Amino acid sequence: MKIPKTAMSVREATMSAYETVDAKKALGRVLAFSEVGFPPAVPIVVSGEIIDENAISTFEYYGIEKCRVVK
């Protein structure tokens, strides 16, 4: 998996207004809060990063159906 591009700082992303969307529809959006699956307990995308195709397929693999993105 390649490293996603950063759009804003973690602080800026977590302090921004957010909305919850289907993970499959989050392509190109900026993650507000990290979704961590157990295992591996490593964030797929970090707050402030842009959600790409690789992240969406990994969300599907770990059963993550929703994610919180910056409005």
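Predicted model: local features only at pLDDT ≥ 70, side-chain atom pairs only at ≥ 80, totals over all residues.
**Confidence**

The chain has a mean pLDDT of 90, and 92% of its residues reach 70 or more. Confidence is lowest in α2, with a mean of 92, and highest in β1, at 97.

**Stop 1: glycine 48**

Return to glycine 48 and display its surroundings. Glycine 48 has a relative accessibility of 0%, and therefore counts as buried. Setting aside neighbours within four places in sequence, the residues in contact with glycine 48 are Lys5, Thr6, Ala7, Met8, Ser9, Ala13, Val30 and Leu31. Leucine 27 and glycine 48 are 21 residues apart in sequence, and their C-alpha atoms are 14 Å apart in space.

**Stop 2**

Next, select valine 70, which is placed in strand β2. Its relative accessible area is 13%, so valine 70 is buried, the cut-off being under 20%. Not counting residues up to four places away in sequence, valine 70 touches Met8, Ala13, Ser16, Ala17, Tyr18, Arg29, Val30, Leu31 and Ala32. A distance drawn from valine 70 to phenylalanine 33, C-alpha to C-alpha, reads 8.8 Å, although the two are 37 residues apart along the chain.

Now turn to the nonpolar cores. Which residues have the most contacts inside the largest nonpolar core? They are Ala26, Ile44, Val45, Ile51, Phe59, Cys67 and Val69, in a core of 13 residues. Two elements, α2 (53-61) and β2 (66-70), each give two or more residues to this core. The most comes from α2, which gives 3 residues. A second, separate core has 5 residues, including Met8, Ala13, Val30 and Val70. As a general point, nonpolar side chains in soluble globular proteins tend to be buried together.

**Stop 2: the aromatic pairs**

The structure holds 2 aromatic pairs. One of them joins tyrosine 18 and phenylalanine 33 in an edge-to-face arrangement, with 5.1 Å from centre to centre and 85 degrees between the planes. This pair links distant parts of the chain, since tyrosine 18 belongs to strand β1 (residues 18-22) and phenylalanine 33 to the loop between β1 and α2, 15 residues apart. Tyrosine 18 is partly exposed at a relative accessible area of 39%, and phenylalanine 33 is partly exposed at 23%.

Move on to tyrosine 61 and tyrosine 62. Why is this pair edge-to-face? The ring planes stand at 85 degrees, with the centres 4.9 Å apart, and an angle over 60 degrees counts as edge-to-face. Tyrosine 61 counts as exposed, at 67% relative accessibility, whereas tyrosine 62 is partly exposed, with a relative accessible area of 37%.

Arginine 68 lies over the face of tyrosine 18, at 6.0 Å from the ring centre.

**Stop 3: the salt bridges**

Finally, display the charged side chains. How many salt bridges are there? The count comes to 2. In general, side chains of opposite charge can pair when their charged atoms come close.

Select arginine 29 and glutamate 19. These residues form a salt bridge in which the closest N and O atoms are 2.6 Å apart. Here too the pair links distant parts of the chain: arginine 29 is in the loop between β1 and α2, glutamate 19 is in strand β1, and 10 residues separate them. Arginine 29 is partly exposed, with a relative accessible area of 25%, and glutamate 19 counts as partly exposed at 30%.

Lysine 66 is partly exposed, with a relative accessible area of 46%, and aspartate 22 counts as partly exposed at 30% relative accessibility.

Methods
Residues numbered from 1 in each chain as written. Heavy atoms only, no water. Core = buried A, V, L, I, M, F, W, Y, C linked by side-chain atoms within 4.5 Å. Buried < 20%, exposed > 50% of the residue type's maximum accessible area, 1.4 Å probe, protein only. Helix = DSSP H or I, 4+ residues; strand = E, 2+ residues; numbered from the N terminus. Phe/Tyr/Trp six-rings, centres within 6.5 Å; stacked < 30°, edge-to-face > 60°. Lys NZ or Arg CZ within 6 Å of the ring centre and 35° of its normal. Contact = heavy atoms within 4.5 Å. Salt bridge = Lys/Arg side-chain N within 4 Å of Asp/Glu carboxyl O. pLDDT = per-residue confidence, 0-100.
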